[in-house]
2 protein chains.
Amino acid sequence: MTSAHSAYEELCTLFSRLARFDHLSAIGGWDMQTMMPPDGSKARSEALAELSVLKHQILTAQKTATLLEQAQQESLNGIESANLLEMRRQYDNAVLLPESLIEAKSLAGARCEHAWRAQRPANDWDGFSENLSEVVKLTREEAQIRAQAAGTRRYDALLNLYEPGMRSSDLDRIFGDLKTWLPDLLQKVVAKQEKEPCLPPQGPFDLEKQRKLGLSVMKLLGFNFDGGRVDVSVHPFCGGVPQDVRITTRYNENEFLTALLGIVHETGHARYEQNLPREWLGQPVALARSTAIHESQSLLFEMQLARSSDFMKILRPLVIAQFGEQPALEESNFIRLNQRVRPGLIRVDADEVSYPAHVILRYEIEQALVEGDIEVEDIPALWNEKMHSYLGLDSVGNYRNGCMQDIHWTDGAFGYFPTYTLGAMYAAQLFQQVRQAIPNLSDDIAAGDLSALFHWLQQNIWQHGSRYSTETLIANATGEALNPRYFRQHLETRYL
Amino acid sequence: MTSAHSAYEELCTLFSRLARFDHLSAIGGWDMQTMMPPDGSKARSEALAELSVLKHQILTAQKTATLLEQAQQESLNGIESANLLEMRRQYDNAVLLPESLIEAKSLAGARCEHAWRAQRPANDWDGFSENLSEVVKLTREEAQIRAQAAGTRRYDALLNLYEPGMRSSDLDRIFGDLKTWLPDLLQKVVAKQEKEPCLPPQGPFDLEKQRKLGLSVMKLLGFNFDGGRVDVSVHPFCGGVPQDVRITTRYNENEFLTALLGIVHETGHARYEQNLPREWLGQPVALARSTAIHESQSLLFEMQLARSSDFMKILRPLVIAQFGEQPALEESNFIRLNQRVRPGLIRVDADEVSYPAHVILRYEIEQALVEGDIEVEDIPALWNEKMHSYLGLDSVGNYRNGCMQDIHWTDGAFGYFPTYTLGAMYAAQLFQQVRQAIPNLSDDIAAGDLSALFHWLQQNIWQHGSRYSTETLIANATGEALNPRYFRQHLETRYL
């Protein structure tokens, strides 16, 4: 440490302190979803909110601003500069909003989400839209403030919270292209699969055996059990901290594939977290690059790797070891099961071919909503129209499984949805590059040797944390910018 | 709220904020003992330490002192005054020590405890005593500062951290009396039991069945599962927060009684926490009164209630429902099993007749140590001498199961041990009062109706939190001050 670094080093101490508080938020949040009995809910929410307020105060204190200014003048090496950039981004994102708006949005979001839990099963659009209108109003205020500071469109300012550097003009181009070929591809795949019989596995599937199966697959995928665990929650997620990654799944006695592939998906997230740069943990530069890059790792594990016919060769014996042989688990049927394409109303149940349609539909609606081009009452009609046009499905009057199905908007998380499909595209592009870098990849996978694949991901993605921008990270890893061509190639190769 | 209350109300807000941080410490600590994988240890310790520092800073800030002074002048009702008194006590206890001493003691304690985990199995007294000397040195500094401020002896100042209002002169009297009759009673009980054959239950006892048995007993004992849970940890404890109480046990396939009675014990702690005054939760006045009162509830559940022959009538069928009949579970043998008295070297394995000897031995040594009358190197000889004199056992050279067996001293928790036996005495006194208040208690228990017992505890202990001093609480509940006579009566009635 030299005195020339003093402001920067004070910032490191400050952000390391914030990371320690984040640690307790993460574990408290994980516990809330997995362990906490119902009566603990109110006290836990209050405790987590109190810590959030504290973190926000520390981050946005005048002292942080002063140190950021001073550190800018200090001579820093590459990774230190990247760290400072991420500190500045966190500070800017946090300091922009007046506390009154943060509080109002947090309250409106909590109210809307809480009511939604009962309104969705009751198909109560009128009740929901009233709460959602308040969330949208406050989200527009937030977007306006952020857009003004960043000199961007309102929607782009929100998108940047999840996907730094991404613009809606990029998304318009990428999604516009997708819309030209995806509906057609989907129709072809569905028609092709209609001719291929596919037996569903016959349960029941003992939950303890499902758990053991999940553990064996996590082991195969390199999950570090000394630095993480798997539990059960209503909505699967990957939480915890890089030193202690907590993934979850949910089991259904009648059907084991959803839970199993869910575990694969979350293990992809987990390995990214478990391999973020250890020597920088606690600093912003050691955080995962972005929401889409995170999703690219889970989708690379789930879609590129685990649903491939190569991987089925090692997955199938693990399944049979737990549940025994049955016709549905015969090799070709097992592959068809895991590559089944069937458009449906529900995003979280969608296959990888129809998934982008769900995302584009939401992207178009939420963008118009944030920009003020439409109002909340316009959502159902737009939803139905797009659902019909992109997936050929009818959702009229079915709010529950239509525009009320997701949690994201209830909390005001506008700008999040596109990252799912960006993640799928990054995953396809990265996996194509892996195939070139590892000529024997198919044989390696079929033989259960995933070490070269994981080494490549470690070298090209995981170890970099937030050292580089998403654009540079992807260009360094694959030699080019985001190119949706690989996603299309992947879908056509696998499904046509 | 009136303006006359403003300082007091500001204090309530401040302590409610501290309680929210305590909540996250409690859950983070529980997780560390029950869920956390090994690689999470360092980051978790750092996160919890960071939060401790923060809480200490908030509590000892000049603003807190000013508000405490101002609130003293405000007109408060009874419970508000009691709350202010507890706030003042927390502040005084925290503000007395210089930060340098807190940090030094925390580091020395962590080092000593960490090394002890390996030194104990290795019987390495020399290594241990070196670390312990540092802990003792810093503990004496702490005791000196606290004693000076309180105008008490050094040991009393530490004792008061766990048992406010208790003095070593009281303990000398109480324990002095115990020493006149307990060794003799112990001998008689052992001689009597030697003539009574007692079959040990034959395992193995399936862990899942043990878990179910534990849950059924917790249910019988009124544990609120909507506001708590039971898990497994190496050292059983009761943690969490009043709204979400987390108890633990550990299972052994060869023997189920230890885990089962451990669950009963922790359920006693849990019900106290679950019934602290709900409308005051988050304020110091809503906290459990003291360590000994807490222990009185767990020992009332375990020793007074669960090991009684009345309770065996309902416990035994639950055991048989899980493990089936066997000779050792026949009624009279089952009672003998649960009332077995056998002096041993290990405190945590001790029965209730020999337990006080373990405590008195430690009390006498730790008092002399804190007062500076002996040094760390004098401990083993004193230990052996007292072990021989109180329990007739030889521990020479057996440091592992002698003076190195407990964790308390490694962390500098001097003054804690007496609360175990005080708890046993309060439990006996309270239960004697319950017997008078509920004439049909024996029949009620044998019939599985514990509602009157729990109502009495709720009315007389649980709902009061820290509203009254221990002395007043016990006098209100039983009509007299702590009277060790009831403990003696209990032991003589049950065991002679």
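**Notebook: a binding site and a chain interface**

Setting aside neighbours within four places in sequence, I found A:His269 in contact (heavy atoms within 4.5 Å) with A:Cys238, A:His294, A:Glu295 and A:Ser298. I was looking at a predicted model, where local features need pLDDT of at least 70, side-chain atom pairs count only at pLDDT 80 or more, and totals for chains, interfaces and linings use all residues. Residues are numbered from 1 along each chain as its sequence is written, chains are lettered from A and ligands numbered from 1 in the order in which they are written, and side-chain values use heavy atoms, with hydrogens and water left out.

**Entry 1: the binding site**

I looked up the UniProt record, an unreviewed entry, and it places a "binding site" at A:His265, A:His269 and A:Glu295. These three span 31 residues in sequence, yet no two of their C-alpha atoms are more than 8.8 Å apart, so they gather at one spot. I noted that UniProt positions follow the numbering used here, that feature names are shortened, and that annotations may be inferred rather than shown by experiment.

Next I checked A:His265, which sits in helix 10 (residues 257–274) of chain A. Helices (H or I, at least four residues) and strands (E, at least two) are DSSP runs, numbered from the N terminus. A:His269 lies in helix 10 of chain A too.

Is A:His265 buried or exposed? At 11% relative accessibility it counts as buried, because buried means under 20% relative accessible area, exposed over 50% and partly exposed in between (1.4 Å probe, protein chains only). A:His269 is buried as well, with 10%. Leaving out neighbours within four places in sequence, A:His265 touches A:Glu295, A:Ser298, A:Leu299 and A:Glu302.

**Entry 2: where chains A and B meet**

I then turned to the interface, to which chain A gives 32 residues and chain B 33. Together the chains bury about 2,900 Å², 59% of it on carbon and sulfur atoms. Buried area is the accessible area (1.4 Å probe) that two parts lose on being put together, summed over both. A:Arg20, A:Leu24 and A:Glu50 supply 20% of the area that chain A buries against chain B, more than any other three residues.

How many salt bridges cross this interface? The rule (a side-chain nitrogen of Lys or Arg within 4 Å of a carboxyl oxygen of Asp or Glu) finds 10. I looked up the one between B:Glu50 and A:Arg17, whose closest N and O atoms are 3.0 Å apart. Helix 2 of chain A gives the most to the side of chain A that touches chain B, with nine residues.
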